[in-house]
Each structure stands twice: as structure tokens, then as C-alpha cells.
There are 2 protein chains.
Amino acid sequence: MAIKEAARPGGRSARVQEAVHQAVRELQTAKSREQLSVPQIAHKAGVTPSTIYRRWGNLAELLADVSLDRLRPDDEPPHTGSLAGDLQAWGEQYLDEMTSPTGQCMLSDIMASAERERRERCRRYGEQIMACLQERAVTRGETTPSVEDLMDGVIAPMTYRLLYEPDTATPARLSHWIAQTLSIADVPD
Amino acid sequence: MAIKEAARPGGRSARVQEAVHQAVRELQTAKSREQLSVPQIAHKAGVTPSTIYRRWGNLAELLADVSLDRLRPDDEPPHTGSLAGDLQAWGEQYLDEMTSPTGQCMLSDIMASAERERRERCRRYGEQIMACLQERAVTRGETTPSVEDLMDGVIAPMTYRLLYEPDTATPARLSHWIAQTLSIADVPD
DNA sequence: CTCATAAAGCAAATATTTTGCGTTAGGTAG
DNA sequence: CTACCTAACGCAAAATATTTGCTTTATGAG
């Protein structure tokens, strides 16, 4: 019986996961983090609390899982013709997303997770974007910093401010970080 | 009756806080984060759980409070005669501290706190160090980046890696960040 | 189709968190 | 120094959340 909801062909386990994630997402729009609880989510998802506890361990891990799931790159970052432009374009929409109440919650939930693995994935996400944009630049023949320098020069300050001081995570500062990082493109390691 | 334990003259409230913090610190050396609980801490501190719930709200906030308390600068960062040297010296001991199991827990606990205020304090801590070292440099007549550029160029990548990829938070990379940040000291904003 | 297994349901047992109310410590004014 | 006043604490009952042992069910392999 592979056809159940015509949705995801993942079997029962996948259906449960989807139902729970969905329940979390819906509840998050209505209630604040403080008033979310596992039994409540379980009820909305049509499963028993013990299913959630056995699978995710606790509320924090579940929320982190859901948030990380949402982080997937929706689509390819826009092409602007230059590395600086690509970085600015991608970064602006990312900042916009992450300074919103929803985005800030996502970041919080992810950081609150004890699982090292989760932060790892979060980092890889940024790294993939940087690698993608950098490769485009290389293809165009631009001289570019290493992916590592892009992480340190752009992703790091962006993330730092999103976490510690979201009001200062602005497009203007982003330009600054990009300019400085690209200006040292040819400084050897 | 101001003299009670000859310890801190803060009155009952301060005594309770100290007892609870102390209990947390002791338990943390013996048990893992998973097996810490409010009732357990309360018992060790000689208070009732409701006292802790009323004052801190929940375990996560209490742990964050204790961790942040430990973050206070023990003493003035060492003088080396140059900004690069001061940054490297301070940074190395900070990396050392924060890559340790204890340090990683502190960071986790702080990031898990919902209180924006706490992260704020965490940021100010870094900012104070940078401001201090920068002022020394100015006094010596060195040309230096702004405090903000130091935050973005040194603190941000350091923090990013401590949080997301602690194995790569190394003194060698620190030198790299410092060198690149100081090399753009005279680039106007 | 049948069997083996992993995941879910259920419900009882624990543990934690919240709450109402009485008590105490510390501060302040008289 | 004494007599309040208030914020914080203790206590214990009630409400919730979490864990756990056992049963049931869905899925995939043979």
C-alpha cells in the first residue's frame, strides 16, 4: 500500500514526521514559543506524545529539526554577473528572512539544540552557498577569495550579528563586509 | 543582622542566588547536561524548586545565567606591545577556554537562552575587550581598525567557528583573521 | 503470502512545573 | 529600637509533562 495520501511515498514513518512538522509549523504561527508543548503538538498531529519523545527526545530538538528543515535553499541564488553582486543579492534576502520574527525564532531554535550535528548542517548550508557563488565567479574568470575566506569574511559577521545584535544586520554592512573580503582576494594564505 | 556568612553582604536574595549558582557549578562537573534538573539543583542548594522557577523561569535560563556569570573577564588581557600581539594573546587563551568541554557547554547554554538581553551582554563582553585593546593601540600611536571592524573581522569568525565548527577554531586561523583585519586598517568606511 | 522488525499506540508510573497561601528576612519610617 | 511593609521564600497540593513496559500495526524482505 504505497499510495496513501498521494503526498510523500515515504511510508508510515515519513507520514508521521510530516504530520508532526506540519503541526509544529501551524502552531508556531498561532502561539508563542513559551506556550508550545509536546502533548499539544502530538494532539494536533494526531499522534501520541510518546511517539514524539521517542523520536525527537524533547521539544527543543523537535523545534530545531523543524527549523533546520525550513532552511533548505528554496532555489538557486540569483545571477547578477559578479561575485560581489551575487553575494549582495543572496545576502540581502537572507538577512531579510532572518531578521524577521520567524527567522529569529528559527535561529534560536537551531542554536538551542544540543545536537552538534544540527549546527554542522547549518554551517554546511552557508558553505554550499558560498561555494556555489564562488564557482560561478571562477567560471567567469574573476579572481576570488577562497570559500573559507568568504565564510570568515561574509557569513561569520552576518551570522554573528543576526544572533547577537539583529538590528545591525543590515544590507549596508553587508556591502562593507563583501567589499573588504573581496579586496583581499589575492592575498595568499 | 548583616553579618551572616561573612561572604557577600547582599541579603537573603543574594545568598540564594549564590547558593543556586554554586549548586549548578558543582553539579555540572559531575553530571551531564541531560541529567541536570531543577529539583536536583534546588535540593543541593537548599532551596525549594519553586524558588528557582519563580526566579529563573526554567532550567535553560538558569544555566544561561550561570554561564554568563562565569564569562566575566578574569583580568586585564596581557600587554604585548602591539595590537596584533594583544589580539593574538587574548584570542588564544579565549579559544583555548571556549574549545574545552566546559567552554563549549557555556556557549551552548548561553545560546539556548531565550532572553535577548543575555546575548546582548555576551556581545558587549567581546566589544569591551576589543575597545580596550584598540585604545591601547591608539595610545601607542598605531593606526587601527575601528572597534566595529575588529568585531566583524576577529570576534565574528572566532565566534562563528566556536559555535559551528569548534575544531577549526585554531590559533593559526586567528593569526590569519588578525592579519587580514589589520591590513585594511586604513580603508575608510 | 508469511514472517521479521521497526515504529506507534496505550496507559500506568514518575517526574517536573505551576500555584495559592502562609511565613520570614530586610529595609524604612517613626 | 520598634513597628510596619514588601519582596522573596517555603510548603504542599494540583496540574502537566515525561518515561516506560507492553501490545499492536505497518512496511519491507523473502
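**Exercise 1. Determine what share of the contacts in chain A with a separation of 6 or more comes from residues 24 or more positions apart.**

Solution. Residues 24 or more positions apart account for 60% of these contacts; two residues are in contact if their C-beta atoms, placed from the backbone, lie within 7 Å. The model is predicted: local features need pLDDT of at least 70, side-chain atom pairs count only at pLDDT 80 or more, and totals for chains, interfaces and linings use all residues. Residues are numbered from 1 along each chain as its sequence is written, while chains are lettered from A and ligands numbered from 1 in the order in which they are written.

**Exercise 2. State how many helices and strands chain A has, and give its domain assignment.**

Solution. Step one: chain A has nine helices and zero strands, where helices (H or I, at least four residues) and strands (E, at least two) are DSSP runs numbered from the N terminus. Step two: the assignment, which is automatic or from a database, gives domain 1 (12-57) and domain 2 (75-186). Step three: the C-alpha centres of these two domains of chain A lie 31 Å apart.

**Exercise 3. Describe helix H7 of chain A, its buried residues and what covers them.**

Solution. Begin with the span. H7(A), residues 116-140, has 25 residues and reaches 36 Å from its first C-alpha to its last, close to the 36 Å expected; the expected span is 1.5 Å times one less than the number of residues. Next, identify the buried residues (20 or more other C-beta atoms within 10 Å of the residue's own, all placed from the backbone). Among them are A:Arg119, A:Cys122, A:Ile129 and A:Leu133. Their cover includes H4, H5, H6 and H8 of chain A together with H8 of chain B. Finally, just after the helix, A:Gly141 takes a positive phi of about 90°.

**Exercise 4. Characterise the side of chain A that touches chain B.**

Solution. First, 21 residues of chain A are in contact with 21 residues of chain B. H6, H7, H8 and H9 of chain A each give two or more residues to this side. H8(A) gives the most, with seven residues. By class, the side has 12 nonpolar, four polar and five charged residues, with Ala, Val, Leu, Ile, Met, Phe, Trp, Tyr, Cys and Pro counted as nonpolar, Asp, Glu, Lys and Arg as charged, and the others, Gly among them, as polar.

**Exercise 5. Identify which residues come nearest to DNA strand D.**

Terms used. A residue is buried if 20 or more other C-beta atoms lie within 10 Å of its own, exposed if 12 or fewer, and partly exposed in between; C-beta atoms are placed from the backbone. A residue is near a molecule or strand if its C-beta atom, placed from the backbone, lies within 6 Å of it.
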